[in-house]
Amino acid sequence: MIQLQIVVSGRVQGVGYRYYAQMKAIQYGITGWVTNQADGAVKIIATGTKENLKVFIEDLRRGNPFASVDRLEYHECEHADTWQSFTIKY
């Protein structure tokens, strides 16, 4: 299992992007969380297999129909935490 920190920028707040990320994470068996950032970005911590994370990131780049992703950056986390599900943090 791999854990990634993902930051998505663009029009990703107020458009259902966190719910979209949660739906896709559940679809691919990914655990972790998603939250809005003060700068308008969305931060995601995601744990899953390399293959599942790859398709998850592809879907995050596309976004939902209401979002507009300008930038997506990610890196592997050194210390992997464990979660039982994928949640939205408020």
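Phe56 is buried, as is Phe86. In this predicted model, Phe56 belongs to helix H2, and its relative accessible area of 0% lies under the 20% limit, so the residue counts as buried.

Two aromatic pairs are present in the structure. In one of them, the ring centres of Tyr17 and Tyr20 are separated by 6.0 Å and the ring planes meet at 45°, so the pair is classed as tilted. Both residues are located in helix H1 (residues 17–27), where Tyr17 and Tyr20 stand three residues apart, about one turn of the helix. Tyr17 is buried because its relative accessibility is 0%. Tyr20 is likewise buried, with a relative accessibility of 11%.

The rings of Phe56 and Phe86 have a centre-to-centre distance of 6.2 Å and planes at 75°; because an angle over 60 degrees counts as edge-to-face, the pair is described in this way. Distant parts of the chain are linked by this pair, since Phe56 lies in helix H2 (residues 50–62) and Phe86 in strand E5 (residues 86–89), 30 residues apart.

When neighbours within four places in sequence are left aside, the residues in contact with Phe56 are Ile6, Ala21, Lys24, Ala25, Tyr28, Ile30, Ile44, Ala46 and Phe86. Of these, Lys24 is 32 residues from Phe56 in sequence, while the C-alpha to C-alpha distance between Lys24 and Phe56 is 6.6 Å.

An aromatic ring also takes part in an arrangement with a charged group: the charged end of Lys89 is placed over the ring of Trp33, at 4.0 Å from the ring centre.

Note on methods:
Residues are numbered from 1 along each chain as its sequence is written. This is a predicted model: local features need pLDDT of at least 70, side-chain atom pairs count only at pLDDT 80 or more; totals for chains, interfaces and linings use all residues. Side-chain values use heavy atoms; hydrogens and water are left out. Rings of Phe, Tyr and Trp (its six-membered ring) pair if their centres lie within 6.5 Å; planes under 30 degrees apart count as stacked, over 60 as edge-to-face and the rest as tilted. Helices (H or I, at least four residues) and strands (E, at least two) are DSSP runs, numbered from the N terminus. Buried means under 20% relative accessible area, exposed over 50%, partly exposed in between (1.4 Å probe, protein chains only). A charge sits over a ring if NZ of Lys or CZ of Arg is within 6 Å of the ring centre and within 35 degrees of the ring normal. Contact means heavy atoms within 4.5 Å.
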